[in-house]
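Hello,

Here is the structure I promised to pass on to you. Have a look at it first, and then read my notes below.

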Amino acid sequence: MASHFLAVFRATGRRTFSTTAVNAARSGGRRRAQRKYDIDSMEKFNFDDQTSLGHDLFENIRTVRQYLRKTEFELPKLNSFAKPFEPPAENQILKFKSHTYLGEGHPVERKVVLSVKVNDLKLNDTERHKLLLLCGPRYNVNTDELTLSSEKFPLRKQNKKYLRDLLDKLLTEAKDAKDTFADVPLNLPQPKKKLEFPKEWIRAPQPQQKEQ
């Protein structure tokens with residue numbers, strides 16, 4: 001029976017189709033997109049272009065030349081913005097320190113450190129005693145500096161403003177005469193003593209021997 005149908009099909013003159021042709025017809029005649037970097041579909045390299053390393057080298061050369069042009073033509077224009085150094089005045093007693101990373105962002109950039117010498121705050125003994133009690137370990141006995149730091153806000157200006165307001169609040173509380181904390185002892189560590197070279201160890205200058 002099967003041979004009879006096969007003979008009739010051949011007698012009609014119709015062509016047989018492969019499965020790939022049927023699948024292509026079902027999909028609308030579209031082929032699958034080839035991969036962009038498929039090695040089998042890439043053209044043969046005829047040594048008529050630079051290699052990948054060569055293109056990377058050219059890119060580095062372009063970057064260096066870009067900065068050299070800025071150094072030659074743009075940096076001299078900054079001389080008009082130069083200002084002479086002026087030392088801080090006597091009333092400028094606060095020091096702010098921060099870090100900046102060129103070319104990249106870093107969470108430490110928002111941190112600000114404020115330092116000030118307690119003697120420059122012009123406090124009497126009672127106010128100084130209360131201020132040091134409020135500051136605790138933020139006071140350095142050896143340098144007589146009060147150090148405050150902040151990184152709780154996302155911007156550096158916000159942290160700087162917060163430290164300035166915090167110092168004002170500490171000074172306001174220290175100058176408040178309602179409670180002077182006079183009965184609270186102030187336990188500060190002893191300052192480090194600088195070692196001096198013993199004078200008796202100093203050798204007398206030796207006479208220079210004449211060269212023969």
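**What I found**

Just after H4, Gly-136 takes a positive phi of about 65°. A word on the naming: helices (H or I, at least four residues) and strands (E, at least two) are DSSP runs, numbered from the N terminus.

Please keep in mind that this is a predicted model, where local features need pLDDT of at least 70 and side-chain atom pairs count only at pLDDT 80 or more, while totals for chains, interfaces and linings use all residues. Residues are numbered from 1 along each chain as its sequence is written, and side-chain values use heavy atoms, with hydrogens and water left out.

**The overall picture**

The protein has five helices and four strands. Starting at the N terminus, the order of the elements is α-α-α-β-β-α-β-β-α. Of the 212 residues, 12% are buried, where buried means under 20% relative accessible area, exposed means over 50%, and partly exposed lies in between (1.4 Å probe, protein chains only). Among contacts (heavy atoms within 4.5 Å) with a separation of 6 or more, 61% join residues 24 or more positions apart.

How do we describe two packed helices? We use the angle between their axes and the distance between the axes. For H4 (residues 125–135) and H5 (residues 156–174), the axes come within 8 Å and cross at roughly 130°. That makes H4 oblique to H5. Here axes are lines fitted to C-alpha atoms, for helices over the stretch in contact, and angles run from 0 to 180 degrees between N-to-C directions. Angles under 35 degrees count as roughly parallel, over 145 as roughly antiparallel, 65 to 115 as roughly perpendicular and the rest as oblique.

On the H4 side, Glu-127, Lys-130, Leu-131, Leu-134 and Cys-135 meet Leu-170, Leu-171, Glu-173 and Ala-174 of H5. The residues of this contact divide into six nonpolar, no polar and three charged. In this count, Ala, Val, Leu, Ile, Met, Phe, Trp, Tyr, Cys and Pro are nonpolar, Asp, Glu, Lys and Arg are charged, and the others, Gly among them, are polar.

Which residues of H4 are buried? They are Glu-127, Lys-130, Leu-131, Leu-132 and Cys-135. These buried residues pack against strand S3 (139–140), strand S4 (145–150) and H5.

Ser-115 sits in strand S2 (residues 112–117) and counts as buried, at 15% relative accessibility. Leaving aside residues up to four places away in sequence, Ser-115 touches Ile-93, Leu-94, Lys-95, Glu-145, Leu-146 and Thr-147.

Ile-93 lies in the loop between helix H3 (52–73) and strand S1 (95–97), and is partly exposed, with a relative accessible area of 23%.

Finally, Asp-144, in the loop between S3 and S4, has a phi near 60°, a positive value in a residue other than glycine. Asp-144 is buried, at 10% relative accessibility.

Enjoy exploring!
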